[in-house]
Amino acid sequence: MRLAGIRAPRSGPSADLALARLQALLDEAGGDLALTPAGPGRNRHGALLVTATRGDGTTLQEALVIEGLAAVDSHADNTAHTSGLLELEEAARNAGLGAWGLRDLLVHSTDPNALAPHLDSVQIIEGRVISTGAARDGRIYLNFGTDWRTDFTVQVMRRDQRRFETAGVNLRSLEGAIVRVRGWLQEENGPMITLDHPEALEIIDAPEPAPLPGRR
């Protein structure tokens, strides 16, 4: 089984701390722990994805995120608790708790050189959108540098854009915004994350609407 919607560090001292804390939480909950299948049921590794709810109605996911021992791992098919977990994660990160303080969990800048060692893994990245664009196949791009061939980029496939529209997120209007994204970091004309649902995109600072030249 795997706790849905979060991920703990896989290395560093925080990995052992998270595992020990999870065992302690399981021992404390005992027979009052309720396991509910989440999302698609099983991930690609065959593990059953569950929400683990304690007798007081709180979840093990919340407890680990609150203590800074896990980060939110957002997926399109399991977003029921994402917004609440993001708030808890931000509080733990700002307070430097757990893995955030030990720097086993990080929010990266968009520097492509700094991101290179983290390719082929799930990462959280924050920066300012320099420009937006669209490909002939309908993909929308958020560019975080002036050279799309090497700089960090976010892409949203045409098939997934309706989710963002339904959530009130106008991707093409994000030029100048500071955003935080999370997902699988891959190499495609520089480091890239593909977003398929709006919960994986946090708008930290939206730009003020800019009037056209000659207008007020």
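Three bridges join strand 10 (residues 153-156) to strand 12 (191-194), and the two strands run parallel; strands are DSSP runs (E) of at least two residues, numbered from the N terminus, and two strands pair if DSSP finds at least two bridges between them. The structure is a predicted model, in which local features need pLDDT of at least 70, side-chain atom pairs count only at pLDDT 80 or more, and totals for chains, interfaces and linings use all residues. Residues are numbered from 1 along each chain as its sequence is written, and side-chain values use heavy atoms, with hydrogens and water left out.

Gly190 is located in the loop between strand 11 (178-187) and strand 12. With a relative accessible area of 4%, Gly190 is buried. Contacts of Gly190 (heavy atoms within 4.5 Å) include Arg149, Thr150 and Asp151, when residues up to four places away in sequence are not counted. The C-alpha atom of Gly190 is separated by 39 Å from that of Thr36, with the two residues 154 apart along the chain.

Key
Helix = DSSP H or I, 4+ residues; strand = E, 2+ residues; numbered from the N terminus. Buried < 20%, exposed > 50% of the residue type's maximum accessible area, 1.4 Å probe, protein only.
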